[in-house]
Amino acid sequence: MKYVADEKRYDSMQYNKCGESGLKLPAVSLGLWHNFGDNADYENMCKMCFTAFDNGITHFDLANNYGPEAGSAERNFGKILNEHLKSYRDEMVISTKAGYYMWQGPYGDFGSRKYLIASLDQSLKRMNVDYVDIFYHHRMDKDTPLYETMWALDQIVKSGKALYVGLSNYDGKTMKEASDILRELRCPFVINQNRYSIFDRTPEQNGIIDAAVTEKKGMIIFSPLAQGLLTERYLKGIPDDSRVKTDGRFLKENSVSADYIEKAIRLNEIAKERGQTLAQMALSWVYAKEGVTSVLIGASKPQQIKENIGMANNSTFTKEELELIDEISK
Ligand SMILES: NC(=O)c1ccc[n+]([C@@H]2O[C@H](COP(=O)([O-])OP(=O)(O)OC[C@H]3O[C@@H](n4cnc5c(N)ncnc54)[C@H](OP(=O)(O)O)[C@@H]3O)[C@@H](O)[C@H]2O)c1
């Protein structure tokens, strides 16, 4: 059946500029790290993309290695795009990345010019698109000179294969150095992608948020729900259809410890008092932080996406709430 996007799709979503750039991202973006590989159900993938787009989520985040197998999420997304969403391509921001292991030998990992350029060419083929909107270097690489990686990103933009550049998992100091190089090259570096949540405070410690604000770059936050731990999913045991059970590569059974359950129950109480679900509160907590452009969620069901976009209805916190959340999450 032909998909026709909801006419009211832009009515309730907020859009924020990536720093000082002209590019706006939705408050909630959809990531395809899980549930879009060849082990997942294609109909469900379609429904999740449609639900997202119908609700104003214009930004779809991928990487070369998303699957399993690596590459299959791009292939499946490309199929959805070409079968159903092609006429909306100019309303969408599609991002992909390279920086983690992708193929064997010395040229399929890290940050060399050789790897990044070849990898993006492969990604474009898998998605069957001419360009991506944002191309990220996926992680810092101390063995490749920073200028080599940045020159490669710049060439990628200038060759028309990506419109903007992003950096992922960089710390504040390295991002600032990269930003200086890219500014000299007049390369549109607009966004940082880092993990941040009530349970993972790394960006408060590694200087990335401060540097993003100073450099006037955007911040998109991944795993804001700690892969599902900051939802009601595991409060009564480990469901068979949860990430822990269906995948288990990155979120392991031992994460659902007695200590975790106690914290999650207490956080859930705060959420209820705020009139939110735990997932919504966890997302609005991240979204309320200075410099945050978009929260990048994953989902296994369309209903989760619908619930999560409701986070924008209450993104202010009292000082007491913030202190209590800090105390619980220690
Ligand atoms: N740059 C990087 O290095 C990097 C690394 C990781 C991720 N990312 C990006 O960030 C995206 C999001 O990461 P993530 O998937 O870890 O994010 P997340 O939003 O923290 O976790 C998503 C998972 O939480 C569960 N969930 C979501 N909403 C829920 C709700 N309302 N109620 C109950 N459970 C809910 C689902 O798991 P169930 O399967 O249990 O339902 C879902 O798959 C990725 O897809 C990817 O695009 C980037």
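Pro 68 is found in the loop between β4 (59–61) and α2 (72–85) of this predicted model, where helices (H or I, at least four residues) and strands (E, at least two) are DSSP runs numbered from the N terminus. A cis peptide bond with omega of about 0° joins Gly 67 and Pro 68. The peptide bond from Pro 68 to Glu 69 is also cis, with omega near -10°, and Glu 69 lies in the loop between β4 and α2. Most peptide bonds are trans, and most residues other than glycine have a negative phi. Lys 216, in the loop between α7 (208–215) and β9 (218–222), has a positive phi near 60°. Gln 227 also has a positive phi, near 65°, and belongs to the loop between β9 and α8 (243–246).

Residues are numbered from 1 along each chain as its sequence is written.

A polar side-chain atom of Gln 304 lies 2.9 Å from a ligand oxygen atom. For Asn 308, a polar side-chain atom is placed 2.9 Å from a nitrogen atom of the ligand. A backbone N or O atom of Pro 224 lies 3.5 Å from a ligand oxygen atom. Of the 920 Å² of accessible area that the ligand has on its own, the protein covers 96%; accessible areas come from the Shrake-Rupley method with a 1.4 Å probe, and for residues only the protein chains shown count as cover.

Glu 307 also has its place in helix α11. At 28% relative accessibility, Glu 307 counts as partly exposed, given that buried means under 20% relative accessible area, exposed over 50%, and partly exposed in between (1.4 Å probe, protein chains only). Glu 307 touches Thr 277, Ala 279 and Gln 280, not counting residues up to four places away in sequence, contact being defined by heavy atoms within 4.5 Å. The C-alpha atoms of Glu 307 and Gln 280 are 7.2 Å apart, while 27 residues separate the two in sequence. Gln 280 is one of the buried residues of α10. In that helix (278–287), 10 of 10 residues are buried, including Trp 285, Val 286 and Tyr 287.

Ser 197, in the loop between β8 (189–195) and α6 (202–205), is buried, with a relative accessible area of 2%. Leaving aside neighbours within four places in sequence, Ser 197 contacts Ser 223, Pro 224, Ala 226, Leu 230, Trp 285 and Val 286. Thr 293 is located in the loop between α10 and β10 and is likewise buried, at a relative accessible area of 3%. With the same exclusion of neighbours within four places, the contacts of Thr 293 include Asn 16, Lys 17, Cys 18, Ile 191, Met 219 and Tyr 287.

A nonpolar core is a set of buried Ala, Val, Leu, Ile, Met, Phe, Trp, Tyr and Cys residues joined through side-chain atoms within 4.5 Å. The largest such core comprises 96 residues, and those with the most contacts inside it are Leu 30, Phe 77 and Leu 85. Beyond its neighbours within four places in sequence, Leu 85 is in contact with Tyr 3, Cys 49, Phe 50, Phe 53, Ile 80 and Met 92. Another core, of 11 residues, lies apart from the largest one, and Val 93, Ile 134, Ile 191 and Leu 296 are among its residues.

Asp 11 lies in the segment before β1 (15–17) and counts as exposed, at 59% relative accessibility. The C-alpha atoms of Asp 11 and Gly 56 are separated by 7.6 Å, although the two residues are 45 residues apart along the chain. Lys 216 is partly exposed, with a relative accessible area of 48%.

Technical notes:
Predicted model: local features only at pLDDT ≥ 70, side-chain atom pairs only at ≥ 80, totals over all residues. Heavy atoms only, no water. Polar contact = N/O pair within 3.5 Å; in protein donor to acceptor, adjacent residues only side chain to side chain.
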